[in-house]
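The entries below follow the order in which I looked.

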Amino acid sequence: LGFALIPLVDEEKGAELLERITRIRRESATDLGLVVPRIRIIDNMTLEPSEYCFKIKGIEAGRSKLKLGYYMCMNTGGVTEEITGEATKDPAFGMPAIWVPEERRQEAERAGYAVVDPPTIVATHLTEILRNHAAEILSIKEVSQIINTIREKNKDVVEAVMDTAKFTLGQIEKVLQNLLREQVSIRNIELILETLSDYGPQMNTWLLTEKVRKALGLQICLQYADSDRVLRAMNLSQEWAERLVEHEVIPNDGSKPFVALDPVDGRKWISTVSGAFAAMQQENYQPIIVCPAEVRLLVKSSTEREMPGLVVISIDEVLAAGSSVSFEVLGQIEVNDGV
């Protein structure tokens, strides 16, 4: 924290931010299945007085500025009358916003703005940082703690994966990181360990992750389904699926498989998916593609740089959800060689 923000963690002034951080760590354990290590708060003279930044393992993961005594106001669609204020951006989601002083808070609320105080701004930003960097936060130490906790409740599943199948903590860590990287909760750790023990450590880590995702199919589909348990997504055409498989490259060093399309097809692929992505956003749907299991990872790895928010789910995961989730196709991503 910059020195002007120290009041946010001053116990004599309520230390509201400290309470929020404790709650966020607890919620992360429930939502993501990740026990977040202790979060250290220090003042930093190299920051501007009203600036804060987050670091994970010493590397900066995000920063922003606050105005104590002011509220951040965002137009989330319900504003009936625009008001003036100093322009800014919500640090968690990048939404345009304005700062208004405390005495104008009620005016902003009456005008329909979402009005947020400084501790909430930092807490929301922290929540998003933890969600987006969960895979980096998880380490061998956390995996060991998870395994020891499960051993107390279900010794058999731990013996099956560690003693019989002979997985190392490092192999389990990689699978859990792969899941967290795509924001799949690892809270159902017993099912994850059971699935790993079924296939054994000889299988490629990426394939193991796909097997675990299938086992977690209902959880994954419910994560993106609406309140009526309807999952809406675009389908990937069989022709695109075949092209991606034909151009799959599996590195010898065990790193993530990727697609090596020629430049023309590569541009066509990104353009086609980008169009589908934009169409889903325009209809206020979360951009989701459902595709065959053998290309799920290829679709994700080939689009994550340009479209990090694209969710890719395999047909196997949808089928694993069974009748608990209804699937609605919004359209199909087709090959158009005329483009």
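**Entry 1: salt bridges**

I began with R296, which forms a salt bridge with E317, the closest N and O atoms being 3.9 Å apart; the term stands for a side-chain nitrogen of Lys or Arg within 4 Å of a carboxyl oxygen of Asp or Glu. R296 lies in helix α13 and E317 in helix α14, so this pair ties together parts that are 21 residues apart in sequence. I took helices (H or I, at least four residues) and strands (E, at least two) as DSSP runs, numbered from the N terminus.

I note for all entries that this is a predicted model, in which local features need pLDDT of at least 70 and side-chain atom pairs count only at pLDDT 80 or more, while totals for chains, interfaces and linings use all residues. Residues are numbered from 1 along each chain as its sequence is written, and side-chain values use heavy atoms, with hydrogens and water left out.

Are the two partners buried or exposed? R296 is buried, with a relative accessible area of 1%, and E317 is buried with a value of 0%. I used buried for under 20% relative accessible area, exposed for over 50%, and partly exposed for in between, with a 1.4 Å probe and protein chains only. Salt bridges that share partners join E182, E210, R213, R296 and E317 into one network.

I then looked at R213, whose side chain meets that of E317 in a salt bridge (2.9 Å, N to O). This pair links distant parts of the chain, with R213 in helix α9 (residues 205-215) and E317 in helix α14 (residues 315-321), 104 residues apart. Like E317, R213 is buried. A search of the whole structure gave 20 salt bridges.

**Entry 2: the sheet**

Which order do the strands of the open sheet have? The four strands run in the order β11-β10-β7-β12, with parallel pairing, where two strands pair if DSSP finds at least two bridges between them. The edge strands, each pairing on one side only, are β11 (311-314) and β12 (326-333). From one strand to the next the twist averages 40 degrees; I read axes as lines fitted to C-alpha atoms, for helices over the stretch in contact, and angles as running from 0 to 180 degrees between N-to-C directions.

Helix α13 (residues 293-303) packs on the sheet and touches β7, β10 and β11, while its direction makes about 170 degrees with that of β11; contact means heavy atoms within 4.5 Å. Two bridges join β7 to the parallel strand β10 (residues 288-291), and N235 stands opposite V290 in β10.

I also found a salt bridge between the side chains of E328 and R232 (3.4 Å, N to O). E328 lies in strand β12 and R232 in strand β7, so the pair ties together parts that are 96 residues apart in sequence. E328 counts as partly exposed at 32% relative accessibility, and R232 counts as partly exposed at 22%.

**Entry 3: helix α6**

Which residues of helix α6 (residues 155-164) are buried? I listed V157, V158, V161 and M162. They cover an arc of only 105 degrees around the axis, which puts them on the same side of α6; the arc is that of the directions from the helix axis to the C-beta atoms. On the other side of α6, D156 and T164 are exposed. What covers the buried residues includes α5 (140-153), α7 (169-181) and α8 (189-199).

**Entry 4: backbone angles and a glycine**

Most residues other than glycine have a negative phi, so I listed exceptions. After α6 comes K166, whose phi is positive, near 60 degrees. K57, in the loop between β1 (51-56) and β2 (59-65), has a phi near 55 degrees and is exposed, with a relative accessible area of 63%. R229 has a positive phi of about 60 degrees; R229 sits in the loop between α10 (217-224) and β7 (230-236) and is partly exposed at 41%.

Last, I looked up G33, in the loop between α1 (16-31) and β1, which counts as buried at 15% relative accessibility. The C-alpha atoms of G33 and R187 are separated by 3.7 Å, although the two residues are 154 residues apart along the chain. Not counting residues up to four places away in sequence, G33 touches S28, I146, S185, I186 and R187.
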